[in-house]
Amino acid sequence: MVKICCLGAGYVGGPTMAVIAVKCPDVEVVVVDISTARIDAWNSDTLPIYEPGLDDVVRRCRGRNLFFSTDVEKHVDEADIVFVSVNTPTKTRGLGAGKAADLTYWESAARMIAGVARSDKVVVEKSTVPVKTAEAIEKILNHNGRDGVGFQILSNPEFLAEGTAIQDLFSPDRVLIGGRETPGGRRAVQALKDVYARWVPEERILTTNLWSAELSKLAANAFLAQRISSVNAMSALCEATGADVAEVAYAVGKDSRIGAKFLNASVGFGGSCFQKDILNLVYICECNGLPEVANYWKQVIKINDYQKSRFVNRVVSSMFNTVAGKKIAVLGFAFKKDTGDTRETPAIDVCKGLLGDKAKVSIYDPQVTEDQIQRDLSMSKFDWDHPVHLQPMSPTAIKQVFVAWDAYEAAKDAHGICILTEWDEFKNLDYARIYGSMQKPAFVFDGRNVVDSEKLREIGFIVYSIGKPLDAWLKDMPVVA
Ligand code: NAD
Ligand code: UDX
């Protein structure tokens, strides 16, 4: 029986290993983590992450061939294949602060593997890492491992998106495996290929050299984020000219060379990956003497920051240039629908912008807890462009944050509503009821273009939708940058 161990029971390690376990009943999969709380949650009825379909997959194989444990060393030693899916955040201090990936967790995992392994291991980079990390990891493993114990390192980046992780893992566009072009390297690639081949068609399993696999992951995320910044940049121009960004995106996406997906204008992209991975790419370009290439990619993040502040400015300028003391309802706090994840969510910047203008902010999200919202808004923001931690929100501002149980409670007595996550339930709210409970004039600022703006206007709302022709009211209240 092949034994797999995965270090890191997070958004990637947990779902990925659960799918391997369900598709390969004869493979024993143990997911380990240094966080006891996380492992306890994986072993309970309330999993630590919300992901559609995940509960069912875990229920089918947990205790059969899927296990969650904190006994990291034991399970690493017993495994044939060790996946490393630990976090690789942006460095906030020291050399490369603000851009470089912090590989502290990765390095300590590699040193631990080298220290405990008593038999040969295939070590798989599942985390997103800078290109050439495999070389550093190989050195750590080979210099610290026991005599006679061999290591093969593979790069097998993960392409799942949150909210659709199970679907993406069951039916991936591609699985990418990079390895050394040596007999040992090829055997390791084949061993991992054999695992995926249980459910992924052969032609979708791509094999490359190590560096191509590592760089492809950063490149894919940069290309995806660049599409969003491109359409968001167009959304600003649409508002200025009377064009409709949805129509423009549709017409552009009809070109089969461009394609229709991932062209939805929004308040900005969020999530733990896009910004972090582009900054990582920027740093690698700078380290390789390519400042022009670095600046090109940096602009994707700058446009994203611009889109978030543009949204806040629109809210404030529409309401007579002040939101001080006004209640603003925020519908949606997660960085996208169908997840409770708030890492780098645009809602943090928008809420902080509104609080900075002294608004009272009442937030409702179906999957994000009050604790999480308070933590996110209390934390000081890290400015990647100047690598400094900005001042945290003042305690007085934080006191102006309220978390509501539903959208109706959040909107009661509010002057405006900001829709920041595209949860399906926001499409079908009783907006006439909401309008009746709000201060007038009542505004809706749709940061995801999910509501039917015409219907809302008929009810009486003043509606702002990203990149759409502006209401007469909004035209009369221009945004001052
Ligand atoms: P996460 O923070 O949810 O999980 C990482 C886990 O690793 C944590 O639970 C942490 O306690 C654990 N950990 C850290 N050091 C450890 C060690 N030495 N031994 C055992 N466990 C350890 O992170 P995530 O979102 O799952 O991301 C993991 C990696 O996958 C990152 O590199 C990320 O860029 C990449 N990735 C993430 C996504 C995504 O959608 N979240 C998608 C593709 C790739
Ligand atoms: C992303 C990549 O899609 C995935 O392949 C990679 O493995 C991890 O990073 P994720 O961040 O989970 O996945 O979600 P994704 O669907 O890519 O959305 C990222 C952000 O972009 C969200 O805030 C989303 O709302 C936003 N987005 C997405 C848009 O604003 N417009 C779009 O058209 C698509």
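Start by selecting ligand 1 and the shell around it: its residues divide into 12 nonpolar, 11 polar and four charged. Here Ala, Val, Leu, Ile, Met, Phe, Trp, Tyr, Cys and Pro count as nonpolar, Asp, Glu, Lys and Arg as charged, and the others, Gly among them, as polar. What you are looking at is a predicted model, in which local features need pLDDT of at least 70, side-chain atom pairs count only at pLDDT 80 or more, and totals for chains, interfaces and linings use all residues. Residues are numbered from 1 along each chain as its sequence is written, while chains are lettered from A and ligands numbered from 1 in the order in which they are written.

Stay with ligand 1 for a moment. Of the 27 residues around it, Gly8, Gly10, Tyr11, Ser127 and Thr128 come nearest; a residue is near a molecule if its C-beta atom, placed from the backbone, lies within 6 Å of it. Now colour helix 5 (residues 104-116), which gives the most to this shell, with three residues. Helices are DSSP runs (H or I, at least four residues), numbered from the N terminus.

Next, select ligand 2. Of the 19 residues around ligand 2, those that come nearest are Asn264, Ser266, Phe269, Gly271 and Cys273. By class, the shell has 11 nonpolar, five polar and three charged residues. Helix 9 (residues 210-241) gives the most to it, with three residues.

Which residue does the UniProt annotation "active site" cover? In the unreviewed entry, that annotation covers Cys273; such annotations may be inferred rather than shown by experiment. Zoom in on Cys273, and you will find it in the loop between helix 10 (245-253) and helix 11 (274-287). Is Cys273 buried or exposed? Cys273 is buried, because 23 other C-beta atoms lie within 10 Å (buried means 20 or more, exposed 12 or fewer, partly exposed in between). Not counting residues up to four places away in sequence, Cys273 touches Thr128 and Asn221, where contact means C-beta atoms within 7 Å.

Now follow helix 9 from end to end. At 1.5 Å a residue, its 32 residues should span 46 Å, and its end C-alpha atoms are 47 Å apart, which agrees; the expected span is 1.5 Å times one less than the number of residues.

Finally, zoom out and colour domain 1 (3-200) and domain 2 (274-476), whose bounds come from an automatic or database domain assignment. Their centres, taken over C-alpha atoms, are 34 Å apart. Both domains give residues to the shell around ligand 2, so ligand 2 lies between them.

Key: Helix = DSSP H or I, 4+ residues; strand = E, 2+ residues; numbered from the N terminus. Contact = placed C-beta atoms within 7 Å.
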